Amino acid sequence: MAANTLVELPQDTVVIHADDPSSPPAGPAPVAVDVGTRLPVAFSSLRAVIAALADLVPETVDEVARRRRPEWNWLFPGTFPDAPLLADLAGTPSERRLHAESEQVFRVLDTAAEAIAAALVATGRPLLLRGVGHADIVSLRALPRLVERLTLSAPPAGVRVMLADLAPDSTRPSALAGDIRRRTLAAVLDRLGLDAAPAARPGAYTPGTLAGPVAQDVAEHRQLTEAFEAPDVEHERAVAAALLAIRSCFFNANYEGGILAAELLLERLDAAPALDTARVAEHFAAMDPGDGTPAIGIYAEVAESPAHLRALALRCVGVVRALVQDLEGAREEFGRALAEAPDAVSEARILLLRALLAVKRTGTLEEGIADIEHGLAELAKVPSPVSSVEQAWLRNVRALAHVRAKEYPQAMREEKLAVGLISKLHSADATHLKINLISNISVLQEMGKKYELASATWDHFAKISSNWGDSFFKHHHYRAAGLSYLSGDADHALIGFHSVYDLACKLDDHFHQQIVATEVGGMLLGQGELDRAAEWYERAEAAAVVMGDPYYLALAKTGRALAAGEAPGADVKELASRSLAFRPEAAKLIAALDAAAGGDDAALPAALPKPTSKLNRPFRLIALDLAPSA
C-alpha cells in the first residue's frame, strides 16, 4: 500500500490507496465503480462514477449539476437545454500555436471532481475505482483535483479514494497511444504521491464496455464507435468519423483517442487507395455536430484528396506528440507529413508547426527559420487569399524567432508584414490570426516599455469583432489594467481589475476570481492600502474555498493576515502542504512563512503574487507533467 503523505490529515481522513481489492480495508463498504473503458472516450470514466453516486445521493449530485450547468451539459449532453454554452464561456487549445491549455477541459474536470467529492461526503463511504489503468486518460486528470477538494471538505471518517488495477491497459495495438497512456498514468500517480503503477497480473482485470450514461448523446462516443466498432462500414464514412473524432479528441485533450483515430485514418487510406473524397466530405457534413473552430484546421473541405488526408493525419499525430512533450517524435512526424503534402498550402501548414516546435519548444532557431523561409518561398508561387493567410502565420512565427533572439525591431517588422497580408481578409482563420498579431504587437510594445502605445494597440483588439462575449473581455480588460499598472496608473488599473473580477463572477469562474483577487490584494498591499487589500483577499479566500484549492486558500489567508498587521495562523502552512498542483510554489510559501517567523518581514509580501499583463495561466489544478518516453 502507498499513501500520499502530502495530504494525509492527522485524523487519517483522506488517504489514497493502491491496494489489492481482494483485501478491502475495514470500515464502511466502498462504492465500487468500474472505470475501465473499451473506447477511449473523454470523460467516460467520470460519467460512470457520477452516475453511480447519483443513484445513492441524487440531491447532492443534482445540486452541483444545477450550479454548473454549462459543464454538466458537456458531461451529460442535453441535461440543461437552456444553459449557456461552455464554448462561449471558456477557451480552447490551439493547434496553430501548439497550445495545449484548455479552460473548457479544466472546468469540466473540476465540475466532475466537485460532484464526486460532495457525493462521497454525503454518502460517508469510500470510493473504490476498479480498472484505473484502463480508464480514459482525460478522466484520470481529475483524480488529484478530487483529492484536493476532499481534503478541504471535512469528510466523515472512512471517506477515501481507493485505486485498483493500476497497470496500464496493454490491449490496444497502438504503441504510441500506449506510451501516452503509461506516461499519463505515471504522472497522475506522481501527483498523488503514489508509487509507479505495478505490472499487470494475468487475468486480473478485463475492461467492460462502459459506454456510460447517455453515451448515445456524446458526439465523441458516436464518432469513435463509427470509426472503431463498425468494421463493415464503407471506407468513406469511417474516414469522416475518424476526422471528426480527431477534432473532438483535440478539444477534449484526449490524446490517446486522437492518436488512435489518426492511425485508423491512415489504415483506412491504405485499404482504400481510390477513396471517394467527395463522399467523405458528405459524410463529414452529415455527422458534424458543429463544434469546430479555427483553433484546429479540420473541416469538410480538408477531404480534398487522399494525399491531403494522409498529410493531415500525420500532422495531427505530430501535434499530439508535441502537446505531450514528445518533441523529437513530433518533429519526426511532421517530417513524414511533409513528405506526403501534395501542395504548397498543405506543406506550409506543416512547416508552420515544425517551425513553431523549433522556435518555441526546442530553441533550435536556425531550423525553424529555415522551415519558415522555405514555406514563404513556396507560397509566393501560388498567390491566393488562403496563401496569404498561411504566409502571415509563418511570418508570425518568424517574429517569435526574432523575439527569442532579442531582435525586437525585426520582430515588429514581421508582425506588420503579416498584418498587411490579411488586413482585408475576413475568413475565420484570418480573424483568428489577426487576434494573435494584434496581441503580439502590443506585447512587443510593452517589452519596449511603450505602455501607452501597447494599450492603444490592445484597445484596437476589441474592434475586430462586434460579437466578443464576456469571456473575451475578461482577458481583454485584464491586459488593459495590467498595462495601466505597469505604467504607474494604479487607480485606473484597479478599475480595470474590478471589471475583470465582476466578469469572472458573471461567468461563474472561480478559478480566475481567485487569481485576480489574490493579485490585486498583493498590489494594494504593496501600496500600503491595507483596508482595500484586506477586502480583495477576502474575495480571494471565498473563491479559493469554492474552488477547493489549498494553495490559493493559503495565499489568501496569508494576505489577509498581513493586511490586518498579524502573523498568518498555523493552519496556513498546513493548507499549503496539502496542495498537489502547486507543490513548488507551496514549498516557497512555506519557506517564506518560516522566514517571517524568524524575523524576515519582507519574506511574505515578496511571496504573494501581483498582477501581470496577461490573464492566461496554466490550468495547473488538472495539468500533468509528462516525463519523456523511456
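Visitor: How much space lies in the second largest pocket?
Guide: The structure is a predicted model. A probe the size of a water molecule, rolled over the atoms, shows where empty space is left. For the second largest pocket, that space comes to about 670 Å³.

Visitor: Which residues are closest to the centre of the second largest pocket?
Guide: The lining of this pocket is made up of 31 residues. Those closest to the centre are Gly 297, Tyr 299, Val 302, Arg 349 and Glu 390.

Visitor: How many residues of the lining of the second largest pocket are charged?
Guide: The lining can be sorted into nonpolar, polar and charged residues. There are 15 nonpolar and six polar residues, and the charged ones number ten.

Visitor: What is the volume of the largest cavity?
Guide: The structure holds three cavities of 30 Å³ or more. The largest cavity has a volume of about 130 Å³.

Visitor: Which elements each supply at least two residues of the lining of the largest cavity?
Guide: This cavity is lined by 14 residues, with Leu 46, Val 49, Leu 129, Ser 139 and Leu 143 nearest its centre. Twelve of the lining residues are nonpolar, two are polar and none is charged. The elements that each supply at least two are α1 (44–56), α5 (103–123), α6 (137–140) and α7 (142–151).

Visitor: Which element gives the most to the lining of the second largest cavity?
Guide: The second largest cavity, of about 80 Å³, has 13 lining residues, and nearest its centre lie Ile 246, Phe 250, Ile 296, Cys 316 and Val 320. Two or more residues come from each of α10 (235–251), α11 (255–271) and α13. With four residues, the element that gives the most is α13.

Visitor: What distance separates the centres of domain 2 and domain 3?
Guide: The protein is divided into domain 1 (15–200), domain 2 (216–342) and domain 3 (489–607). Taken over C-alpha atoms, the centres of domain 2 and domain 3 are separated by 44 Å.

Key:
Residues numbered from 1 in each chain as written. Predicted model: local features only at pLDDT ≥ 70, side-chain atom pairs only at ≥ 80, totals over all residues. Heavy atoms only, no water. 1 Å grid on protein atoms, 1.4 Å probe; cavity = no way out; pocket = protein on both sides within 12 Å on 5 of 7 lines; lining within 4 Å. Points joined across faces, edges and corners; volume = space filled by probe spheres on them. Nonpolar A, V, L, I, M, F, W, Y, C, P; charged D, E, K, R; others polar. Domains from an automatic or database assignment.
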